[in-house]
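Keep the model open while you read.

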Amino acid sequence: MQRKIPFLWQRAVKKCKNAATCAPHVTRYRCLYLLLCGAMLLASCRYSGEWRTANAVTYDGRQHFGLSFPDYLSEEKEHKLNKTAPVQYCNYFRNFYAIADDTLTESNYRQIAAGETARLFALLNEVQQTDTQSLVINGLPAFMAGMAGNVGNKDLNERIYYRLVFIQGTARVYRLTMWVWDKNREKYVADMDKIAGSFKEIH
């Protein structure tokens, strides 16, 4: 069906010799084309609800770790979200993004969390700290911070919700950063929690 629609549209145009009388005829084919394209787009956006595990290696190559993501998030293989983070998943249509990496440090996860959240806080406009929580993720101590703020300029400005999770690993701290449009926060916050809770150090 996908191949036939452009042909029908083109055939309708060829038959018309008068632009004024042709317009309604062509418009019918155009509407049919757009409606079917819309239906195909919606069909392509259906997901099974399954979760997939992404395994990665730390920057120094000494430790493996894993996270699970819902199937509506795809791996960003071109590293458009971050130049170096080994885990990058997103859905550009839903404006949901997630990256994970690690940092070798003698500081503990709470100290790293304080510094990272302060830096992000300074970059956002009209920022609001929404929630914080101490966690234990698969036996590892962790800390979560959520905040919302405006990003952009007067021509293009959007309020973004960020969820940062810091996990104390072996001689390192893992960092998981997720963000969505703030207006969609409630829709995705449960999945953010599930992504964070799936973290594992692989020995």
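Asp 182 and Arg 159 pair up through their side chains in a salt bridge, at 3.8 Å from N to O; the term covers a side-chain nitrogen of Lys or Arg within 4 Å of a carboxyl oxygen of Asp or Glu. Asp 182 sits in the loop between strand 9 and helix 4 (185–197), Arg 159 in strand 8, and the two are 23 residues apart. Helices (H or I, at least four residues) and strands (E, at least two) are DSSP runs counted from the N terminus. Asp 182 is buried at 17% relative accessible area, while Arg 159 is partly exposed at 23%. Here buried means under 20% relative accessible area, exposed over 50%, and partly exposed in between (1.4 Å probe, protein chains only).

This is a predicted model, where local features need pLDDT of at least 70, side-chain atom pairs count only at pLDDT 80 or more, and totals for chains, interfaces and linings use all residues. Residues are numbered from 1 along each chain as its sequence is written, and side-chain values use heavy atoms, with hydrogens and water left out.

Two other pairs:

| Salt bridge | N to O distance |
|---|---|
| Arg 172 and Asp 60 | 3.1 Å |
| Arg 163 and Asp 131 | 2.8 Å |

Arg 172 belongs to strand 9 (residues 172–181) and Asp 60 to the loop between strand 1 (51–57) and strand 2 (64–70), so this bridge ties together parts 112 residues apart in sequence. Arg 172 is buried at 4%; Asp 60 is partly exposed at 28%.

Across the whole structure, the search turns up ten salt bridges.
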